[in-house]
Amino acid sequence: MATKVEIQNLVKIFGKKEKQALELVKKGHSKEEILEKTGATVGVNQASFKVEEGEIFVIMGLSGSGKSTLVRMLNRLIEPTEGNILIDGENVSQMNKEDLRRVRREKLSMVFQNFGLFPHRTILENTEYGLEVQGVDKETRQKKAEAALDNAGLLPYKDQKPNQLSGGMQQRVGLARALANDPEVLLMDEAFSALDPLIRRDMQDELLEMQETMHKTIIFITHDLNESLRIGDRIAIMKDGEVVQVGTGEEILTNPANDYVERFVEDVDRSKVLTAENIMIRPQTLRASKQGPRVAAQQMKAEGLSSMLVIDDNHQLKGYVTDKDVLSAVKSNIRNFDNILRTDIPKVSKDTLIGDLYDIIYDSDTPVAVVDENNRLEGIVIRSLVIGALAKEREEESNNGE
Amino acid sequence: MENSILDVIPEIPVADWMATFIDWLTDNLSWLFDALRDSGDWVMDSMTELLLLIPPVVFIILLTALAFFAGSKKWGLPTFTVLGLLYIYNQGLWEPLMFTITLVIVASLLSIIIGVPLGILMAKSEIANFIITPVLDFMQTMPAFVYLIPAVAFFGIGMVPGVFSAVIFALPPTVRFTNLGIRQVSDEMVEAAQSFGSTGSQQLFKVELPLAKATIMAGINQTVLLALSMVVIASMIGAPGLGERVINALQRAQVGPGFVAGFALVVLAIILDRTLQGFNKD
């Protein structure tokens with residue numbers, strides 16, 4: 001994948017004494033120190049990261065962390081104090097007005113927290129705004145805008161004014177408007193934060209669904225960790241204007257870069273984030289072609305197991321055998337598993353969330369097998385592991401309560 | 001008093017300076033003022049004649065219809081319009097009314113043509129805002145009568161100096177409200193416009209002015225009413241119309257005719273105000 005957007009040492013300082021503050025920033029002074037010494041506020045402090053083409057890159061932080069300032073510097077609604085913004089290798093931060101306008105028109109579209117719809121224009125007129133300012137003729141731009149609205153299921157509302165629509169619908173219009181001029185990069189500033197939780201979830205799903213076919217590069221700002229974990233391919237966590245960690249949701253949850261990130265991720269509902277892959281263990285297996293009931297009995301005795309999985313030479317799961325069946329097979333001098341092999345074992349993929357795993361494992365007498373799409377065995381999950389993972393969460397909750 | 005320490009400073013001849021300045025303007029720019037007066041007189045005379053060509057019955061019907069549509073198709077305002085205009089006609093004030101309407105229309109249009117761009121300039125430029133704001137304060141707090149003096153110096157007496165002083169007096173609300181209206185447009189609207197790559201004028205005409213329209217219209221409404229009040233005062237320097245009747249009555253201490261003409265002005269003011277407000281609500 002190619003790098004689509006890259007920022008290098010991006011700094012934004014608000015207030016007077018910009019130069020003095022900038023020097024202090026470079027010397028590594030903290031936001032508070034700089035405010036005390038110069039009266040200037042550091043909005044963004046030497047932020048750097050790369051966003052790959054086609055990924056959803058989430059920038060997450062609490063209010064005042066500089067995430068909204070950062071995203072506004074990408075299309076220069078806010079002028080950076082220092083640093084570079086590269087989009088497809090073009091340095092946006094150095095561009096003159098005309099080039100900047102071209103980039104805004106052709107490459108970047110923005111979706112706003114409070115939707116940013118023009119109240120005096122109809123839904124259709126709002127949607128065609130981006131094309132209108134480019135000078136696209138009326139017929140063409142209406143056709144494109146109608147297509148974008150149709151895509152979002154909003155075509156019947158095209159002649160209404162924004163205030164006649166619900167919040168969720170308005171933001172669908174905001175998204176349709178942003179997509180109407182077919183941008184390469186979508187900037188979404190707390191796009192779903194003003195919506196109620198159920199609608200927000202729907203919108204997240206719709207965004208993910210849309211992304212499967214569109215493959216836009218999306219930079220998504222949010223203060224909601226669950227939202228970032230749900231939609232983000234990678235997440236950047238910001239604090240006091242600094243990017244403190246960049247990684248997949250997985251990486252951030254398992255290896256928080258510092259105390260701040262750790263405290264941030266503590267609240268997260270693990271059952272909705274951790275997957276089978278995180279807790280599965282390497283199983284003791286039997287190879288049907290080489291091993292028989294006697295070996296099985298030996299190993300079960302040694303490991304204290306009541307059942308074992310049986311695989312073939314390609315590591316594909318065939319089923320399992322129980323200790324009882326194995327013992328009776330040994331007594332009857334049977335040399336293979338053909339008659340005692342059971343296949344009623346639950347199988348899941350490694351992406352299955354622990355929350356979903358819990359119900360499966362609760363009803364099952366055997367461990368749950370984790371297999372890939374070719375039925376190759378990757379690991380097993382046993383009940384105690386699921387309970388352990390959930391218990392860890394509860395333990396942390398009670399620690400927080402103290 | 002005589003020994004006050006403040007008397008160290010001799011009286012500064014502000015009045016002389018001002019007089020010299022106005023004299024200088026009159027001497028050096030008389031060709032311009034004359035041209036303005038002649039063309040202004042011609043335009044306003046023709047306009048009044050045109051208005052007088054319309055039969056009063058037709059005029060009353062047209063204005064009533066306008067009031068009907070402006071007032072959300074309710075009957076209060078149209079009824080008032082019919083009765084008010086019939087009263088003015090009945091009292092023999094139809095011709096002065098047409099002069100007054102001409103003066104108000106011309107003064108208001110000029111105020112809007114000058115005021116809206118000035119307001120936009122103030123909204124866009126902090127420097128313009130910094131310079132123009134005190135000028136507007138000056139224009140609004142200076143007693144209106146004072147404007148009559150340079151108006152006479154520049155244009156003599158008649159309609160043109162009347163309009164000149166009315167424009168100075170009525171201009172500030174349009175400028176202020178245009179400035180305010182544009183500044184009130186929310187950041188998100190401006191950011192949305194900019195993020196799609198709007199040029200400055202696209203942002204202004206497609207987003208800011210439409211969103212500021214209601215506020216600007218409120219300013220224009222104020223301007224029209226101020227123009228009306230100044231047109232009346234300008235009768236002191238020979239502007240014709242209803243104000244002339246009021247001044248005549250004042251000079252002769254005739255209570256009756258004074259109130260008759262004054263009431264006609266109230267009628268006109270209410271019709272103008274409510275009709276404009278009605279259109280602004282749509």
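Reader: Which residues do ring pairs link into a cluster?
Author: Good place to start! This is a predicted model, and in it ring pairs join Phe33(B), Phe154(B), Phe155(B) and Phe164(B) into a cluster.

Reader: Nice. How many aromatic pairs are there over all chains?
Author: Searching the whole structure gives 14 aromatic pairs over all chains. One of them is formed by Phe68(B) and Trp75(B), with 4.8 Å centre to centre and 35° between the planes, a tilted pair.

Reader: And is Phe68(B) buried or exposed?
Author: Phe68(B) counts as buried because its relative accessibility is 19%, and the cut-off for buried is under 20%.

Reader: Switching topic: which residues of chain B does UniProt list for "transmembrane region"?
Author: The unreviewed UniProt entry lists residues 50-68, 98-123, 144-171, 224-243 and 255-272 of chain B.

Reader: What is the chain like over residues 98-123 of chain B?
Author: That stretch of chain B, residues 98-123, is 100% helix and 0% strand, with its end C-alpha atoms 36 Å apart. Residues 50-68 of chain B are 89% helix and 0% strand, and there the end C-alpha atoms are 24 Å apart.

Reader: Last one! What lies over the face of Phe118(A)?
Author: That would be Arg177(A), at 5.2 Å from the ring centre of Phe118(A).

How values were computed
Residues numbered from 1 in each chain as written. Chains lettered and ligands numbered in written order. Predicted model: local features only at pLDDT ≥ 70, side-chain atom pairs only at ≥ 80, totals over all residues. Heavy atoms only, no water. Phe/Tyr/Trp six-rings, centres within 6.5 Å; stacked < 30°, edge-to-face > 60°. Buried < 20%, exposed > 50% of the residue type's maximum accessible area, 1.4 Å probe, protein only. Lys NZ or Arg CZ within 6 Å of the ring centre and 35° of its normal. UniProt positions renumbered as here; feature names shortened; annotations may be inferred. Helix = DSSP H or I, 4+ residues; strand = E, 2+ residues; numbered from the N terminus.
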